[in-house]
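Let's take a walk through a protein together and look at how charged side chains pair up. Have the sequence and the 3D view ready as you read.

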Amino acid sequence: MHMPATQSSSEIAYNGSMKILVIEDDREAADYLQKAFAEAGHTAHVAGDGETGFALADAGDYDVMVIDRMMPRRDGLSVIAGLRSRGNTTPVLILSALGEVDDRVTGLRAGGDDYLTKPYAFSELLARVEVLNRRASSREAETVYRVGDLELDRLSHSVRRASREITLQPREFRLLEYLMRHAGQVVTRTMLLENVWDYHFDPQTNVIDVHVSRLRGKIEKGFDKPILHTVRGAGYMLKSG
């Protein structure tokens, strides 16, 4: 790994804070990345092996993930493939000492969004992470979300399914908006507590179950196909079909 001596991470700080997950078994390299991201104005969480990283990625809500390819307990490509199979669409930058064309193609086909070969300059890594985040953020900036025949308009604060208007309470609207923004992805209770209710702990309440039940009743009543699915032991997923 190489960091230009004349260029600190604070000098190339990105305009906008990101929440980044680093899955890297080399402790020195992981600590370096965590510190460098912090100096650039971002928050980086670190996992030292694939299993721990998969659990954090599956339960958390990250802007971008930086994943080493070769790791103990579970390799990086297996982590990525597992997350993609669960509907996790968070952008992933793969780090690897394997730099041949076939290696890069394998990584991208496993679900990676970008591939950077070691050794690398942090300035390039940061720039690549910024690009991945901008691509994802552009999708989040949409004003209308559609999943199947369900449509949510953020500007008019309206919801329709098959042209039928659905009236939601403010919290229900916020819940549906978050679910639609993560359509096809498993959304955990922790994600909902932190992003819809602003709780950063589990208060041992059934508030999520109650609101999901009410929301499901409103968006599925009178329709043949369910759209809000419960993923047993994991959370919820909004998807058509």
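Which residue forms a salt bridge with Glu177? The partner is Arg154, and the closest N and O atoms of the two are 3.0 Å apart. Because Glu177 sits in helix 6 (residues 170–181) while Arg154 sits in the loop between strand 7 (150–153) and strand 8 (158–161), this pair ties together parts that are 23 residues apart in sequence. Keep in mind that you are looking at a predicted model.

How covered are these two partners? Glu177 has a relative accessible area of 19%. Buried means under 20%, so Glu177 counts as buried. Arg154, with a relative accessible area of 32%, is partly exposed.

Stay with helix 6 for a second pair. Here Glu172 forms a salt bridge with Lys218, and their closest N and O atoms are 2.8 Å apart. Lys218 belongs to helix 8 (residues 207–220) and Glu172 to helix 6, so this bridge ties together parts that are 46 residues apart in sequence. Glu172 is buried, at a relative accessible area of 4%, whereas Lys218 is partly exposed at 31% relative accessibility.

Arg128 lies in helix 5 (residues 122–140) and Asp114 in strand 5 (residues 114–117), so the pair links distant parts of the chain, 14 residues apart. Asp114 is buried at 17% relative accessibility, and Arg128 is partly exposed at 24%.

What lies behind such pairs? Side chains of opposite charge can pair when their charged atoms come close. Salt bridges can also join up: Glu24, Asp68 and Lys118 are linked in a network of them.

Finally, step back and look at the chain as a whole. It has eight helices and 11 strands. Of its 241 residues, 45% are buried. If you take the contacts in the chain with a separation of 6 or more, 59% of them are between residues 24 or more positions apart.

Technical notes:
Residues numbered from 1 in each chain as written. Predicted model: local features only at pLDDT ≥ 70, side-chain atom pairs only at ≥ 80, totals over all residues. Heavy atoms only, no water. Helix = DSSP H or I, 4+ residues; strand = E, 2+ residues; numbered from the N terminus. Buried < 20%, exposed > 50% of the residue type's maximum accessible area, 1.4 Å probe, protein only. Salt bridge = Lys/Arg side-chain N within 4 Å of Asp/Glu carboxyl O. Contact = heavy atoms within 4.5 Å.
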